[in-house]
Every structure is written in structure tokens, then in C-alpha cells.
Amino acid sequence: RAAARAGLEWLVGTVASIAMVDVASRRLAGVVTLRKAGPPQVGGLGYVVHPDFRGKGYAARALRLRVPWAFEEDDFARRLPLLM
């Protein structure tokens with residue numbers, strides 16, 4: 001249900017959570033969350049990894065996939081504009 005709802009929540013809201021799933025066991029390994037925060041093109045990225053899956057590269061791979069998407073598909077800025 002959460003996966004089906006994620007796309008809609010991103011379109012109408014400020015948060016997109018993506019599950020990291022261990023293919024072999026089909027268990028939830030963790031979650032990566034992208035948040036829109038403040039001015040346009042500004043956001044934050046966070047993650048949590050279940051203790052059983054820590055140190056196995058799940059977060060690193062998820063971030064390698066998620067970060068380019070944030071810049072290329074959703075127009076997040078690579079650097080903040082200078083505020084005067």
C-alpha cells in the first residue's frame with residue numbers, strides 16, 4: 001500500500017519514501033526519504049537501514065540511484081542560490 005501511495009504523495013505533498021528490499025529474502029532492508037523543504041529546488045535526503053542489513057551497501061546503492069533522480073527528474077538544485 002505504501003508503494004502504491006508514494007507516487008501520489010510526492011505529486012501532492014512534500015515527501016517521497018522509497019523502500020530498500022533485500023531481493024533474496026524479500027525483507028524490507030530500509031527506507032530512503034526525499035523531502036521538499038523551504039524554497040523551490042531545496043530538499044533533504046535521509047535513510048534508515050534495518051540492523052540486519054547494515055554494512056552491506058544497501059544505503060550506498062539506494063543513494064546512488066536516488067540522488068541523480070532528484071536532480072534530473074525532479075529539478076532539485078545542485079547548489080543553493082546566494083542569499084543577500
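Ala, Val, Leu, Ile, Met, Phe, Trp, Tyr, Cys and Pro count as nonpolar, Asp, Glu, Lys and Arg as charged, and the others, Gly among them, as polar. This is a predicted model, in which local features need pLDDT of at least 70, side-chain atom pairs count only at pLDDT 80 or more, and totals for chains, interfaces and linings use all residues. Residues are numbered from 1 along each chain as its sequence is written, and side-chain values use heavy atoms, with hydrogens and water left out.

**Sheet**

- Three strands form an open sheet in the order β1-β2-β3, with antiparallel pairing (strands are DSSP runs of E, at least two residues, and helices runs of H or I, at least four, numbered from the N terminus; two strands pair if DSSP finds at least two bridges between them).
- β1 (15-22) and β3 (43-49) are the edge strands, each with a single partner, so one side of each has no neighbour in the sheet.
- From one strand to the next, the twist averages 15° (axes are lines fitted to C-alpha atoms, and angles run from 0 to 180 degrees between N-to-C directions).
- Eight antiparallel bridges join β1 to β2 (residues 27-36).
- Serine 17 is opposite threonine 33 in β2.

**Largest pocket**

- A pocket is an open set of points on a 1 Å grid over the protein atoms alone, where a 1.4 Å probe fits, with protein on both sides within 12 Å along at least five of seven lines; lining residues have an atom within 4 Å of a point.
- The lining has 13 residues, with Ala19, Met20, Arg61, Ala62 and Leu65 nearest the centre of the pocket.
- β1 and α2 (58-72) are the elements that give two or more residues to this lining.
- α2 supplies the largest share, six residues.
- Nine lining residues are nonpolar, one is polar and three are charged.
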